[in-house]
Amino acid sequence: MKAERLERFVPFLMVLPSIILIAIFVYGFIGWTGYVSLSNWNTFVPDLSFAGFKNYIYMFKDFRFQSDLRNTLFFSVLFIGSCLVIGLALAVLVDQKLRAASFFRNVYLFPMALSFVVTGVVWQWILNPSTGVNLLLKALGMKNTPLWYVSTRIIPAISVGRIKFGLPVAILAVIIAGVWQQSGFAMATYLAGLQAIPDEVREAASVDGATEWQKFRYVILPMLRPMTITITIMLAHVSLKTFDLVYAMTGPGAGYVTDVPGVYMFETSFRGNHFANGAVIAMVMLICSAIVTVPYLLGRGRRDLGDVDIN
Amino acid sequence: MNRFLKVSLVATLCAALLLAAGCGGGSTQSGEQNNTSSQTQTETQTPSSGESTTSTSSEKQVEIFSWWTGAGEAAGLEGLIQLFKEKHPDIEVINAAVAGGAGTNAKAVLASRMSGGNPPDTFQVHAAHELLDTWVAADKMEPLNFLYEQEGWYDVFPKGLVEMMSKDGNVYSVAVNIHRGNVVFYNKKIFDENNITPPTTFDEFFTVAETLKAKGITPLALGDKEPWTALQLFESVLLGTMGPDKYNGLFDGSVAWDDPGVREALDIFHRMLQYINEDHSARNWQDASQLVAEGKAAMNLMGDWAKGYFTTDLGLKPNEDFGWFTSWNTEGTFMFISDTFGLPKDIKHRDATIEFLKVLGSKEGQDVFNPLKGSIPARTDADVSKYDVYSQQAMQDWSTNKLTPSIAHGSAASPGWTEKIQQVVTVFATTGDVDQALSDLVTAAQEELK
């Protein structure tokens with residue numbers, strides 16, 4: 001009787017330290033940030049009096065924050081989409097029994113070993129409108145070379161709130177850099193998925209008379225679904241929380257065309273001492289990440305993911 | 001097959017770890033900066049960070065926190081430290097410099113050290129509001145009136161400067177150097193070839209700009225990848241349309257931000273932006289100055305640290321390769337940017353720090369530091385012969401001109417207000433919406449001037 005109770009108690013005791021640490025350092029600080037976002041702490045000297053949703057209203061009316069939300073939306077969708085498509089294409093290529101398959105696998109995976117800061121600096125040079133790849137394009141006879149991240153164009157520029165809504169052309173340069181770095185991750189994940197599909201399944205499909213394309217479309221692709229979900233979730237919370245890539249590569253950009261919430265949060269908190277406004281941005285970013293990840297974690301995602309660790 | 005699967009899974013896991021590390025990027029950054037700062041410190045730092053140091057050994061140190069890591073400025077700081085060591089061979093100097101232009105990284109490190117109860121003995125801060133509205137407001141600084149009286153500094157620093165560094169009659173920092181913000185540098189060859197004389201008014205500027213543009217030369221170079229350069233251009237225009245008294249009044253509430261002069265400044269600023277290089281947002285200030293040095297652009301409004309960049313880094317000759325003039329309509333006004341050092345409360349080595357501040361404020365100290373950094377001394381009694389032709393002229397102006405603080409460099413307004421003005425200017429530069437910009441500036445002033 002006593003031993004049984006102890007047996008139930010021991011596992012709890014073992015996880016207790018980590019529960020306490022996470023409670024304080026993750027949820028405690030989320031709660032604290034949440035409170036700060038509702039306070040008047042927009043000065044250097046802390047002022048924690050309650051302000052209600054004043055800061056939230058201010059931020060959502062702010063030109064820069066509205067631009068950030070637009071940029072994040074377009075960045076995330078295009079970044080994740082491109083990574084999925086390119087990653088899958090590379091995985092299928094590398095999965096063929098090519099002679100140098102392992103070599104290419106490493107080549108595509110390698111950019112992932114770099115930090116976003118390195119990627120940002122290098123692509124900043126490559127896509128510099130006056131010294132980078134444009135010199136090459138000019139040598140090839142191109143007249144109007146692209147402006148890359150210097151462009152202030154927004155397509156199609158529909159007035160929404162204070163900003164023009166549409167795809168900021170400049171953010172494409174950042175997406176190129178991001179995709180260059182992260183499509184290798186998508187490839188590796190898809191490759192694992194492809195190689196986990198037993199040969200018998202493909203053979204069975206062939207016996208049933210499926211063409212190569214049909215095999216891919218109706219057999220392989222559905223079986224890669226868990227991989228797609230994994231990649232999407234992982235990349236979504238990279239893209240929603242981007243800071244280093246943008247900070248190193250372009251900064252906020254002219255008219256905030258390449259600004260993201262992470263950069264704004266850093267600058268307004270630590271340069272402008274608007275800590276409550278910074279906390280608002282942090283909370284909005286948290287909520288966005290939660291919207292993307294939580295449903296998958298709670299619902300079918302749990303089954304699809306198996307035991308792949310999200311964090 | 002199976003082996004490949006394993007390898008790929010391991011790779012995926014590694015990717016997950018990398019991503020997790022990437023997500024923590026925001027918070028680890030300040031940690032990394034802390035590391036770099038401690039790497040630049042000498043080994044002797046280690047005992048002082050231990051808690052059980054005796055008071056005698058800790059009195060023999062002074063830790064100087066700055067963002068002076070560039071070529072000339074680092075040499076200047078080193079010169080100061082040498083001078084200090086000659087006078088006080090028993091005191092160990094720890095040079096805790098954090099790299100990063102305009103001190104943006106250093107300020108984040110400083111904030112974490114100050115609030116963590118580990119203040120550096122003295123730290124670099126721009127004069128006036130950058131200090132007064134932050135650490136002085138938070139009651140973390142000691143007044144330096146005693147030092148000013150003891151050393152006779154009230155007589156040698158310009159009264160306007162001392163006033164701007166004071167709050168309620170207490171002065172809080174010692175100014176080491178002065179840079180000028182309202183200067184335009186130009187390519188002498190381009191001006192000579194096109195028979196252009198330096199434009200001193202806005203009308204002359206636009207005439208000249210039109211001429212140059214017609215010949216395919218970029219009239220005005222701008223590099224606003226870091227947006228403060230655009231703000232610096234705007235504040236110089238603002239000073240030109242408002243004049244020094246009204247300009248200064250904008251920041252104490254005596255002049256409203258919907259003054260016609262502000263509207264005029266916005267109009268002129270926006271017109272000027274039609275004459276800048278197309279790739280301005282891919283360049284930092286050095287890249288923009290370089291356009292002038294290479295003859296690709298004619299003019300560049302930049303603080304006179306650009307002079308140091310021209311002469312030291314690019315090897316150009318003043319008055320031969322490049323020239324300068326006071327920005328449009330601001331003759332007789334000196335928009336200054338000044339680095340100062342103060343005395344934080346609760347530091348470990350108060351006596352040694354006071355000795356260091358004495359050297360900083362001394363004529364000898366300022367004459368060692370400034371020729372190397374390329375700035376001019378804040379004291380008005382410095383040895384003119386030690387400075388180059390540009391600086392001699394600037395020193396003359398410094399002691400006679402009216403003084404105005406810079407917004408872009410944190411002297412005119414609190415950091416919070418500065419950030420808001422910066423945002424208005426950044427947005428305005430692309431939208432060109434004068435009414436919106438004006439109403440935003442008025443709102444910002446109402447919120448921050450409380």
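Leaving aside neighbours within four places in sequence, which residues is V174(A) in contact with? Select V174(A) and look for F75(A), Y149(A), L245(A), V246(A), M249(A), T250(A) and T258(A); contact means C-beta atoms, placed from the backbone, within 7 Å.

A word on the model: it is predicted, with local features needing pLDDT of at least 70 and side-chain atom pairs pLDDT 80 or more, while totals for chains, interfaces and linings use all residues. Residues are numbered from 1 along each chain as its sequence is written, and chains are lettered from A in the order in which they are written.

Together with V174(A), they touch the most other members of the largest nonpolar core, which has 193 residues. Such a core is a set of buried Ala, Val, Leu, Ile, Met, Phe, Trp, Tyr and Cys residues joined through C-beta atoms within 7 Å; buried means 20 or more other C-beta atoms within 10 Å of a residue's own, placed from the backbone. Helix α7 (residues 169–196) of chain A gives the largest share, 15 residues. Helices here are DSSP runs of H or I, at least four residues, and strands are runs of E, at least two, numbered from the N terminus.

Now move to chain B and its open sheet of four strands, ordered β8-β9-β7-β10 with mixed pairing; paired strands have at least two DSSP bridges between them. At the edges stand β8 (218–221) and β10 (322–326) of chain B, each with a single partner strand, so one side of each lacks a neighbour in the sheet. Finally, select β7 (residues 183–187) of chain B: five bridges join this strand to β10(B), running antiparallel. There, V183(B) sits opposite T326(B).

Notes. A residue is buried if 20 or more other C-beta atoms lie within 10 Å of its own, exposed if 12 or fewer, and partly exposed in between; C-beta atoms are placed from the backbone. Two residues are in contact if their C-beta atoms, placed from the backbone, lie within 7 Å.
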